[in-house]
Amino acid sequence: MSVTAAPVDGLSPALDPNEEQALPSIPWWGIALLIAATFGAGMAMIVPMAYSLAVRLDELAPGRTEVLGYILGTGSAATLLLAPLTGILSDRTRSRWGRRRPFTVIGLLIGIASVPVMALAPNVFVLALGWMLSTVGWGTSAGSIGNWQADRLPPHQRGKISGFTGLMMQLSPVVGILLVAQVRDQTLLVFAVPAAIATVFVALFVTFAGDPDSRGQREHDRLTVAGLLKSYVFRPRDVPDFAWNWLGRFVFFLGLTLTTSFTVYFYAQRLELAVPDVAGVMVLTSSLSIGTAVLGSIGGGWLSDKTARRKPLTLAGAALFAVGCVIAAFAHDIVTLVLGTLVSSLGIALFSAVGQALVLDVLPERDTQAGRYMAITMFAQKIPGVLAPIAAPALLVIGAGAQNFTALYLTAAGLALAGGLIIALKVRGIR
């Protein structure tokens, strides 16, 4: 399988001038189902990463902070291998249920199965196995929902709806942490509550969101092992805007993942708290972050559609995140920590919402290979998910004494800003 699109005047061919008319607007109820499913899947994916795994690991291996990075890294490695496969297979799926819905259901079932494995894990190895199941399951569901967006969203709705779905990815862990903080002493519920909410919302999406019967769609060439392996890569020369956007996102998310993997331990060190007691601080910062998430996601998405400009807002999001990291790097009290968190939250929301719309704008071969290219786009987030947790311990041991979170956060700031600059300066076909 190869990329057949050719660049025109050095620009990526992602945007068809007739695409606006070819794709009808999504009705309000379809948008509501999409937003709810994104919220649920985001909660199931992020709450364990942000809180639950750290608490469980503190029970199984107290003081072994670096182990969290290895657990998160193995989960990301599993999704790296499977995400493109499920995207490619869904592109080729011919069923009465459509192309995307079967994979949403499969991912949902795997995600549900991971909950007792993580909650009842007797050792770190089983906990890592449970997290791998969780990332594969919920990642498959979320990826399938993202492929549905790529199939169905017309250009004039991409910024606004990406703003709403980006907001859900910001709010879902906030709400999830608020909920699990109420049951923090009940390990099973800490993992089960986010998964239960995700199950309800994703099931509603699967049941009621339209995914047209795909049995009559054009058949692809026969899928071979060699063709499958080739589908994991693409030729940057053929789709330069897609390639530069991919690189910029990769660098940004490498910086972001350096911080998200160790937030619980960072707060515990700087505020001299026990790991379980960090829940109260995370509830505070998460609650306050709702405002910045709304402003960055909804405001940024609306403004990008209104002005038809994505790149300046994407760069602004990366810069704000970097500023927040610098503030946090030197914070040793709760006021400064909260300030750094809020500035970072605003940047993440802005980058995520506008950046997702930009992804859809530059997506090659939308009609036939949207799942494949959406999966390749996810590499830009999943590869950092493997590398950052493994690299972070090396930054934490710089110098002597306590874990060096200052070096970690300053490195994250530099990477995030570099990623935003790559997108702003190198993507040519989108303003």
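Predicted model: local features only at pLDDT ≥ 70, side-chain atom pairs only at ≥ 80, totals over all residues.

**Stop 1: the salt bridges**

How many salt bridges does the structure hold? There are four salt bridges in the structure. Side chains of opposite charge can pair when their charged atoms come close. The next stops visit some of these pairs.

**Stop 2: R56 and E59**

Select helix α2, residues 28-60, and show the side chains of R56 and E59, which both lie in this helix. The two positions are three residues apart, about one turn of the helix. A salt bridge joins R56 to E59, and the closest N and O atoms are 2.6 Å apart.

Now colour the pair by accessibility. Is R56 buried or exposed? R56 has a relative accessible area of 11% and is buried, because the cut-off for buried is under 20%. E59 is at 41% relative accessibility and counts as partly exposed.

**Stop 3: D305, R310 and D361**

Select D305, R310 and D361 together; a network of salt bridges links these three residues. Begin with D305 and R310, where the closest N and O atoms of the salt bridge are 2.9 Å apart. Then go to D361, which forms a salt bridge with R310 at 2.7 Å between the closest N and O atoms.

Which parts of the chain does the pair of D361 and R310 tie together? D361 lies in helix α13, while R310 is in the loop between α11 (278-307) and α12 (311-329), so the pair ties together parts that are 51 residues apart in sequence.

**Stop 4: S344**

Stay on helix α13, residues 334-361, and select S344, which is found in this helix. S344 is buried, with a relative accessible area of 10%.

Which residues does S344 touch, leaving out those up to four places away in sequence? Show L320, F321, G324 and C325: S344 touches these residues when positions up to four places away in sequence are not counted.

How values were computed
Residues numbered from 1 in each chain as written. Heavy atoms only, no water. Helix = DSSP H or I, 4+ residues; strand = E, 2+ residues; numbered from the N terminus. Buried < 20%, exposed > 50% of the residue type's maximum accessible area, 1.4 Å probe, protein only. Contact = heavy atoms within 4.5 Å. Salt bridge = Lys/Arg side-chain N within 4 Å of Asp/Glu carboxyl O.
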